[in-house]
Structures are given as structure tokens and as C-alpha cells.
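Hi everyone, thanks for making time for this. Please have a look at the model on the screen, and then I'll walk you through a few of its details.

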Amino acid sequence: MKIKLKSKHNFLRHALAGAAGLAMLAGTATAATTSICDAAGGYVVAYYNDTLALPDDADAQRAAMRIARHGRNTTGSVETLNSEPVRYESFYSLTPTQLQALASAYRSALDGALSAHWEYFWDFLGGDNSAWSTLAGRTGDSRFTALTSSFAAQVTSQKAASVSALTTVGNTQKARIQALYTERQKVTLASLGSQGTLFADQSFTAIGSPSNDSALRLSLTSRPGTSDATALTEKMAALKTPTGLHNNQGFFTATLSWSVPSNAYGTDANGNPLKNDFDLHVIEPTPPQTDNSSYVQWVHFSVTGDPGKGGGGDVSKQGYAGYLDKDGKGTSLADSGPEHYYASCDESKLLPGTYWIAVTRVHAQIPSLTPITLQIATAKSGEVYSKTFAYDDLPEFIQQTRLTFPVKVVLTKNSDGSWAKPVVTPYAPFTSYESTGLPTYAL
């Protein structure tokens, strides 16, 4: 369901359609259980900050929402709703340098008039100057008219770079909300201001704009206070655990997400569905039993027993330490990922060592408009790595020994036997299979 406490004038949408926000910081911790991960399920409130907010501003805004809902936490206890933990994450969106430069020029030109007419900045970015003559007449300020010509040149030169930066960042954010939702979290996407509203709307769309009471969309017009607490509590309490999603929380997870233009779906001349397909591969540490595979993937080729070629099917999705519990062939919006791997929260299954993560391409109908995002998250820290690739950045799958890896995750134990925080190492852009020390096959 999509609920707006109050709608806000969303002028940024005109200028930056398709862009979304930046990655997020982890929120408050959830309750500990006998699992090495926090308790599964529960609620996540994803907070999207307003325009030009610094990280401290965004965290303060998020904290105000948490305090409005729970009151001040002076004991460090876990906050709950319906006896389930509630976590808060900042989905921080730093306004790109290009937009900050435009905003600074706007401020300089309008001085005190800005406070009353700031929302028209977003119209200006979108090329809509219709309000300027009216404003000039009302205020008697000729600077509105003068700015129409001088500011337009700056908009033209910097807007494209801003859109590109925000779009790349948006893929990171959408991957995170998809991961939370597919792990059966009840999510609330709360935003403040026009920028936050745009970004949260994009994320809500990325999880299918659910209408089954499993996700809540809130748009705020001011920092939340005690007057919002009752409405927020009632709406969150009514949320239901997402159904039909067989995904799991993991000690760490790898999520592969991609954005596809709507006209890339459909059928070909023979009536076959068009595919926009990418595959996630994870090579786990060597398992203790030789009859268990360490190569977790789903490759849409014929079934084969050759360990180097994958082959696809349910068997290949199951590793010893983890599982690829969601795969998509990209034939429709509902089938376009995210692909999702989780490393077990069961200490008897989780393996110490190196987990190599790879991404391959299969098909894209419009490659130039299909960004692909890989994201790693941990049970304790949330999202810790994200990278967005262009279609041509990724290799096609040939065989295991031809894979290349943008990132690896290393799991170790502390001296007391507890599991240490996963160490994530990115490579720019990839490291080769040969450099990993992984097994080779006579292919």
C-alpha cells in the first residue's frame, strides 16, 4: 500500500526521472538470537533525506522519526513492534556536486527570495520557466527575469552529469531495498522533501509497488514529531510479512539487481518472451565433503555433470555454506531479479575462507539502458559494497575458469571462536580466475 501523510510538490521528478538515491548507513541493531545472525523478519524503516542534506542532517532526520515512533531510547534496548525488532536505515542521498553548484548559483541570484520560492528551482532544472514571469510580477524583483537566460546555460551544462551521477547511485539504493524486501522484511519507505520523495518512489517501484500490505510508503513534509507517531505506529503495525518470497537472511548476502526499460519486455516475432538476463555466481570455500559443490549459480544452459560448466538447475543453486534462493530470466518486471545468494546463519554450515563473487551477462534487449548492480550486505552492518556495471562491462559465461571477479568476501573466526565481521575486498574492475588459486578443470 502507498500512503502519503502529506503530498509534497515533487519538482525534481521533471528533471531527474529515473534517478534515485545513494547507499545507506546501517540503523539500530536488532535482537540477538542463537543464530549468528540477528532475528529474521521484523520491520525496517528506510529513511530518504531531503535536498542538500549532509550525512549528519540525514541521520538527525532519521533519529527524529525513530524518536517520534518509540520515544528516546536511554537503555540501549531493542525497539520492537508486535514483538518483532524494528531497524532504521538512512538511505542517504548526497546531492551531486553539479546540482550543488546550480543551487549555489540560484541562491546567489535570488538571495532572500529563495526561501519563499526554492521549490521552483526544480521546475527550472526541468526546463519549465512558466512561473518566472508571474513571480517577477508578484515580487517586483527583476532578478527572476534576468536569471531565466543566465541560469539556463548552467543548467544545460551540468544537468546531464547530475542525472548520470544520481542514476548510478540510485541503482545501489534500489538493490538494497530489494534485498530487504526479498528477505521477507516488512519495509516502510519514508521520505522528506522533493528529493527524498523521488528517490523513495523509485525504490518503491523497484519492489513492485506492493499492494498486499507488506510495504508502506510515507511522504513527509517536515521532520516527524510526536503528532506523527500514532499514524506511523498504526500503519506499520498493520504490515504483513511478504508472501511468495522464499529468500533468506544470511551472515552475508549477495544481491544482483538490474533496471530494464519498459519497452525491453514483450515477445519476439515467434512469440517467445524477450529476455534481459544476468547471472550471479558464488564460489564458496572447499566444503568438508567432496560430494558437495562449492560452485553456486544458475546458468541457463543444458544440464551437465561437468563442475566447470555449471549447467543450471536446482542442484547447482545449492552450495554447502549458502544458497542461491532467487533467480530471474528477465522476461517481465516480476522476473527481473533480484538474484540473491545468502551464506548460512547456521554455524554448522557456514565455512571460513574466501567467497568469490562474479556476475555474467546473458541477454539485454537495450544494453545501453540496462545498468546492473551487485551489492554485498552483512547481517550486522547492512550494505557494505555496491557497484553498478554497464552491460558491456560484464563477460558472457563460458565456463567456471573464465569467470572474473569484482569482489570477494573473506570469513574468519575470532580467537574466542565467534565469527569476525566479514572482510569485503573490491577489485577495479575485476580480478582473473587464475589469480584466485581456485581449482582448474580439464576442459
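Let's begin with a term: a salt bridge is a side-chain nitrogen of Lys or Arg within 4 Å of a carboxyl oxygen of Asp or Glu. Arginine 361 and glutamate 396 make such a pair, with their closest N and O atoms 3.8 Å apart. This pair links distant parts of the chain: arginine 361 sits in strand S12, while glutamate 396 is in the loop between strand S14 (382–389) and S15, 35 residues apart. Helices (H or I, at least four residues) and strands (E, at least two) are DSSP runs, numbered from the N terminus.

A quick word on where this comes from. It is a predicted model: local features need pLDDT of at least 70, side-chain atom pairs count only at pLDDT 80 or more, and totals for chains, interfaces and linings use all residues. Residues are numbered from 1 along each chain as its sequence is written, and side-chain values use heavy atoms, with hydrogens and water left out.

Now the overall picture. The protein has 10 helices and 16 strands. Of its 443 residues, 50% are buried. Here buried means under 20% relative accessible area, exposed means over 50%, and partly exposed is in between (1.4 Å probe, protein chains only). Counting contacts (heavy atoms within 4.5 Å) between residues at least 6 apart in sequence, 74% join residues at least 24 apart.

Back to salt bridges. How many does a search of the whole structure find? There are 8 salt bridges. One of them joins aspartate 59 to arginine 62, with the closest N and O atoms 3.8 Å apart. Both of these residues lie in helix H2 (residues 55–70), 3 residues apart, which is about one turn of the helix. Aspartate 59 is partly exposed at 24% relative accessibility, whereas arginine 62 counts as buried at 16%.

Another pairs the side chains of aspartate 201 and arginine 217, at 2.9 Å from N to O. Aspartate 201 is in helix H8 and arginine 217 is in strand S6, so this pair ties together parts that are 16 residues apart in sequence. Are these two partners buried or exposed? Aspartate 201 is buried, with a relative accessible area of 8%, and arginine 217 is buried as well, at 0%.

Let's follow strand S12 next. Two strands pair if DSSP finds at least two bridges between them. Strand S8 (residues 277–283) runs antiparallel to S12 (residues 353–363), and 7 bridges join them. In this pairing, valine 282 stands opposite isoleucine 357 in S12. S12 also pairs with strand S15 (residues 404–411), again in the antiparallel sense, over 5 bridges. There, threonine 354 has valine 410 in S15 as its bridge partner.

Finally, some backbone details. Most residues other than glycine have a negative phi, and most peptide bonds are trans. Serine 83 has a positive phi, near 65 degrees. This serine 83 lies in the loop between strand S3 (80–81) and strand S4 (84–91), and serine 83 is exposed, at 72% relative accessible area. Serine 209 also has a positive phi, near 45 degrees, and is found in the loop between helix H8 (193–206) and strand S6 (215–220). Where is the cis peptide bond with omega of about -5 degrees? That bond joins alanine 428 and proline 429, and proline 429 is in strand S16 (residues 423–432).
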